[in-house]
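Please follow along in the viewer as each heading comes up.

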Amino acid sequence: MGKYAIGEFEEIVMLTVAVLYDNAYGITIKEEIENRLDRTVSVGAMRTALKRLEKKGFLRSAFGEATAVRGGKRKRFYKVTPYGKHALEQVMETRQRLWKAIPSIAFDFKKT
Amino acid sequence: MTTPSPIVPPQLPLRFLRWFCDPDLLEDVEGDLNELYQRRMSVNPTKARRLYYRDVMLLFRPGIIRNVTFSFTNPSDMLQHHLLTALRHALRYKGYTLLNLLGLIVGITASILLLLWIRDEVSMDQFHTKSDRIYQVWRNMYQSSGEVITTQAIPQPLAFVLDNEYPEIEAVTVLSWSMPLLFRHEEEFSYESGRFASPEFFRIFSFPILLGNPETVLQNPQGVLISESLALKYFGTHWRTEVLDQTFQIDDTQTFAVTGVFQDPGIHSSLQFDWLLPADYFIQQNEWMESWHNGGFNIYFTLRQDADIAAVQSKVTHEINEHTNFAADERLYLQKFAENYLYSTFENGIPTEGRLQYVKILSMVALFILLIACVNYMNLATARAGKRSKEIGLRKTLGAAKRSLSLQFFTESFLLAFLSVIAALLAAKLALPFFNHITGKSLTLDLFHPHVWMGMAGITILTGFLAGSYPALLIPSFPVVNALKGTIKHSEASQLFRNGLVIFQFALSMLLIIGTLVISQQIYYILHKHLGLDKENLIYVDLSGELSRQADSYKTQLQQIPEVKQVTFTSGNPLDYHRSTGSADWQGKDPNESVEINVLNVDTDFFETMGVELLQGRAFSEFMTTDTSHYIINEVTADLIGFDDPIGQDFSIWGNQGKIIGMVRNFHMSSLYEPFEPLVLRYDPRSTSVAFIRTQHNVQAALQGVEKITKKMNPAYPFQYNFLDQTYENTYRNEIALGTLVKIFAAVSMFIACLGLLGLSSYAADQRSKEISVRKVHGAHVLQLMMMLCRKYALLLGIAFVIAAPTAYYCTQQWLDNFVFRIHPDPALFLLAGVMAFLIGMLTISFKSYQAANVNPVQKLRNE
């Protein structure tokens, strides 16, 4: 997908981070994906995706406050960077161009 | 920090997570997991735990796992520093360093020598390029008694059958036993040992040929191949240009031309020969070889690459039986040639360990000694850790991590190991000639060979790691405050462990000492057992050339030498005699029974000269002309034929009917690994080939007399003689070498263990010096103090003995079981070994204890 190498799962993670806006950290992202997309996400898979995305510069993160429920550990909140937004738009545009290019007859299954 | 949550997640996976997780990620990952766990706990606690485990396992993946680079701030500087302190420390405590180094050097030297020996043993016969496909045929003769006699003498026709009827077999060769033949080239002559071989020999074995065409060299029926050293001997250094087509007269009968020269088989070949002649020539001369009923040459073959040896084995098993109409039960067994050497002993027709046992024993010894040396180091290093507690405490206060401290101790142990290995290499190099002398090998140690370097690196790492592991684990875990105060109390566990190590060391040493005693007793037994004949002061000479033609005259002349007591001519050396027949017959013999009976041809002087005791009947007499068809048997044969009184019974061999006129006491005709064998003596002076000469008074004079007469009568042949007792001793060379080796290495292990004990006891005495002084001031006697210091070690040595004795009993029984004729070691022997080790140990300890107890108490108490 062009110069932005984003996998399907990574795209979902980024979009979810954007959806959650102010409250995007490990657990919420995981639960949001599970609720919206009806699929289970392991902590491990999500963690690696987040780390990779941050390394690519699509996400940035900052520590929040520690809470008792987290055993005194701080949350790490994620935000989509402008670069990340650009990448997401690029992916969407590519998709749309492809959709538009499909001749209507291709999806007309009644005739065959 | 907020207060920790009341609900704590499972610790084990958490610790695992903390260990592997990238520190950058750890905080929020752990937080996430914790939060998840809290939520899940409110739903289903067991499931929450399970999921926690699962999540942690799933997190163990690249991207989450921390980078595995060592994050020393400056590894090379640290290492330099560690080396420096190690060196300083070593130089500061010279005595202690010396003890450690000495132990390690001696231990490693011993291990290097043993490793060389083992490598040499294991590489025997492995140099043939097809060695994984070369097989030898063995013949198992099942006796009616249930015994199985195994031989490599195979009926000659089998070679043709294997060659023609077995598609699985690539090539077959026949090879004779090693025999000395008289080689004569112009003026020079001497006996040379070699073998007859068929042309395929060089297709199977990879003995390098230096001159001549390997395809054709053995095909020329008038050709002989000689070894490089033989070529050098007869044709000088320029043999390469001169040797081809030169002729040898062999055994004074036929002339052979040299068709090629092969490289000497070398020390890694179990097949030894200085010449090869075409097998066909020998077979033509000896027609009996062509029968299925007679054993002949050895047979070797190569299997095709894709063939299955099991199939060939099942097909070949009954080849002899089928071709001889089951005249006797003889089955064939195939064994990989390369395994012959280590699995050389056959038991019930199946190869057993044989030499492999020696390889195993000595491997264990090598390992034991190395272990004992490493244990020394461990013990001394941990015991003396107290001395260094301030250093360790200070390092810790300044922020040294445990890992860095461990590394320091490993650096020390590796440094010492490295130095010891270098010193040991040199020591081994120096000791090698002596070691070769004992083992009868020609081992070499090339200091610059890559294998040696690899081996040495291996030993360094092994020793460094073994020796350093315990101190490196234990010492860094001392509590900082105690360490700084210098009040390190060794924990119960660490003291127990150290005591355990001492016990372990001494148990191993005692094991070796007991082994030594048992082995040397058995060897003494072998060499001094009465064999049924008197083997001392007996010279024997082969009856070759004129000697055989003028046997009577030779005998008379020999008897006239004043130093010669008696002379007898026989058909072979009775102590190593394997010429048997299955044709013996007697009244009442079960026709289906097959028995191999040895047949020895003798003259009338046999019994007196050899000291063989006649139990019943009478000896052969030259005045009774019929005696040539009569027989004298031994006790085993008497049991076999089963008459209450065998004297006067009919007996026949090869169809020659006669009577049994006497019975002799059993004497050993093969090694003490084997039981007595049945024997029949025939009076047939014409068919003898060896002269046995019993000397008296001056052996040298007798020998000179024999030489003079022999050379005069038989000038065309070189004079060769042997002493019977020496020949006998030579057959037990391996056992004697094993005995010497184990003896030396038992001493070495004892020495190293004592070094360790010396170190430990001096340290203990040192630590308790104040206590000793106070006791002394209060009137304690030197002896009492010594007792106090020695008591603990006495107990340890006692325990070591309790462990070592039964183990040693078991091990030595295993070895002794190989022998049919063996000693049954006395329990006192074990006690003796224990007491010896105990005394040596106690002497070592009391040496230091005495010094400690004898010190003037003022000196120790003054500086409080």
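## A nonpolar surface patch

In this predicted model, Leu394(B), Leu398(B), Val480(B), Val481(B) and Leu484(B) make a nonpolar surface patch of about 460 Å². Such patches take residues with over 30% relative accessible area and no salt bridge; like charges are joined within 9 Å, and nonpolar side chains (Val, Leu, Ile, Met, Phe, Trp, Tyr) within 5 Å. Areas come from the Shrake-Rupley method with a 1.4 Å probe, and for residues only the protein chains shown count as cover.

Helix α18 (residues 480–485) of chain B gives the largest share of the patch, three residues. Helices (H or I, at least four residues) and strands (E, at least two) are DSSP runs, numbered from the N terminus. Val481(B), which sits in α18 of chain B, is exposed at a relative accessible area of 56%. Here exposed means over 50%, buried under 20%, and partly exposed in between (1.4 Å probe, protein chains only).

## Salt bridges in chain B

Over all chains, the whole structure holds 36 salt bridges, each a side-chain nitrogen of Lys or Arg within 4 Å of a carboxyl oxygen of Asp or Glu. One of them pairs Arg40(B) with Asp55(B) at 3.0 Å, N to O. This pair links distant parts of the chain, with Arg40(B) in helix α2 (residues 23–43) and Asp55(B) in helix α3 (residues 45–59), 15 residues apart. Arg40(B) is buried at 16%, and Asp55(B) is buried at 1%.

Arg139(B) and Glu330(B) form another salt bridge, their closest N and O atoms being 2.9 Å apart. Arg139(B) lies in strand β1 and Glu330(B) in strand β12, 191 residues apart. Arg139(B) is buried at 6% relative accessibility, as is Glu330(B) with 8%.

## A bridge within one helix

Glu707(B) and Lys711(B) meet in a salt bridge of 3.1 Å, N to O. Both lie in helix α24 (residues 699–713) of chain B, four residues apart, about one turn of the helix. Glu707(B) is partly exposed at 28%, and Lys711(B) is partly exposed at 44%.

## The chain as a whole

Chain B has 30 helices and 26 strands. Its radius of gyration is 37 Å, well over the 29 Å that the globule rule gives for 864 residues, so chain B is more spread out than a compact globule. The radius is taken over C-alpha atoms, and the rule is 2.2 Å times the number of residues to the power 0.38. Of the 864 residues, 52% count as buried.

## Reading notes

Residues are numbered from 1 along each chain as its sequence is written, while chains are lettered from A and ligands numbered from 1 in the order in which they are written. In this predicted model local features need pLDDT of at least 70, side-chain atom pairs count only at pLDDT 80 or more, and totals for chains, interfaces and linings use all residues, while side-chain values use heavy atoms, with hydrogens and water left out.
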